[in-house]
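Hi,

Here is the structure I promised to pass on. Have a look, and my notes follow below.

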Amino acid sequence: MNPQKFNCKYGIGKVLCDYADGTIDPAVKRIFEKHLEGCEPCWAFMRTYSTTIRLTREIPAEEMPEEMRKRLRNFLKEQIGSP
Amino acid sequence: MSSKQTKKRAPKGPSDGELVRRLKESGDAAAFEELVSRYEAKVYHLALRLTGNQQDAEEVLQDTFLQVYNKIKTFRGEAAFSSWLYRVAANFAYMKLRHRKARPQVSLEDVLPNFENGRLVDQITDWSGRPDDEAVRDEAKGIILAAVEELPPNNKAAFVLREMEGLANAEVAKILGITVPAVKSRLHWARLFLRKRLAEYFERRTE
């Protein structure tokens, strides 16, 4: 990756996903962070993208209704005699 | 099963592999019951997120475990049992989605901001600190759940498995039968779409 050719579109389109996941190549990370330091819109975009991920991961799993567990067992019993 | 947990806790009792072996070799009902108990909530949650409604999720749940029982002999054990199970569940959920009226497709360009000569030209508001307020955070999560329902099936599956079920990209790739770069691409698109919906929400709140 040539730092001279690095721009907002490349950063947001091609780098941001790995950057947010912490799986980015260290050399590319340095270039991206250098870009973020000097680019307010990209900085705001990166922050809001990361917040989107954080909020999504905070959404709790919905409990499986107890009645559904019973219906699953009844269904399997009818179909195969188990469990 | 979830990478959100720093360490996977091994289930108490026999391993999945041991239960699968018993089920394969002798149709062991107790082994099947243990597999059902171990994974029913996870399969339900995946099915609910993919189909978006409880009735379809329940049908996916039932079809998945029936299929597991009937096809267990075809499971060769090359991948983890949980990956195979998730793939079965995801396929049943896909079938439900395919019968629905297709939504208008949104392209990558539609979820990206505007660039001129590679330079971001939109004014981007940094609302990342706003969900610190609990009420706002809850409302924002509602926006996310509604936006997940709008995702095209391929993006939705990658997003749900990775972001909501906490699986690693490599595992999502195996389940969906696609490459890791394809998983990342679908995931990124979905995140951009959800981010856009949240940005619209925060913009409305400030009006």
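**What I found**

B:Glu34 is found in helix H2 (residues 29–51) of chain B; helices (H or I, at least four residues) and strands (E, at least two) are DSSP runs, numbered from the N terminus. Please keep in mind that this is a predicted model, in which local features need pLDDT of at least 70, side-chain atom pairs count only at pLDDT 80 or more, and totals for chains, interfaces and linings use all residues. Residues are numbered from 1 along each chain as its sequence is written, while chains are lettered from A and ligands numbered from 1 in the order in which they are written.

Back to B:Glu34: this residue counts as buried because 20 other C-beta atoms lie within 10 Å (buried is 20 or more, exposed 12 or fewer, partly exposed in between, with C-beta atoms placed from the backbone). Leaving aside neighbours within four places in sequence, B:Glu34 is in contact with B:Gly13 and B:Leu19, contact being C-beta atoms, placed from the backbone, within 7 Å. B:Leu19 is 15 residues away along the chain, with 7.7 Å between the two C-alpha atoms.

Chain B as a whole has nine helices and two strands, in the order α-α-α-α-α-β-β-α-α-α-α from the N terminus. Of its 207 residues, 38% are buried.

Chain B also touches chain A, with 44 residues from chain B and 34 residues from chain A in the contact. On the chain B side, H2(B) gives the most, with nine residues.

Best wishes

Definitions and conventions
Two residues are in contact if their C-beta atoms, placed from the backbone, lie within 7 Å.
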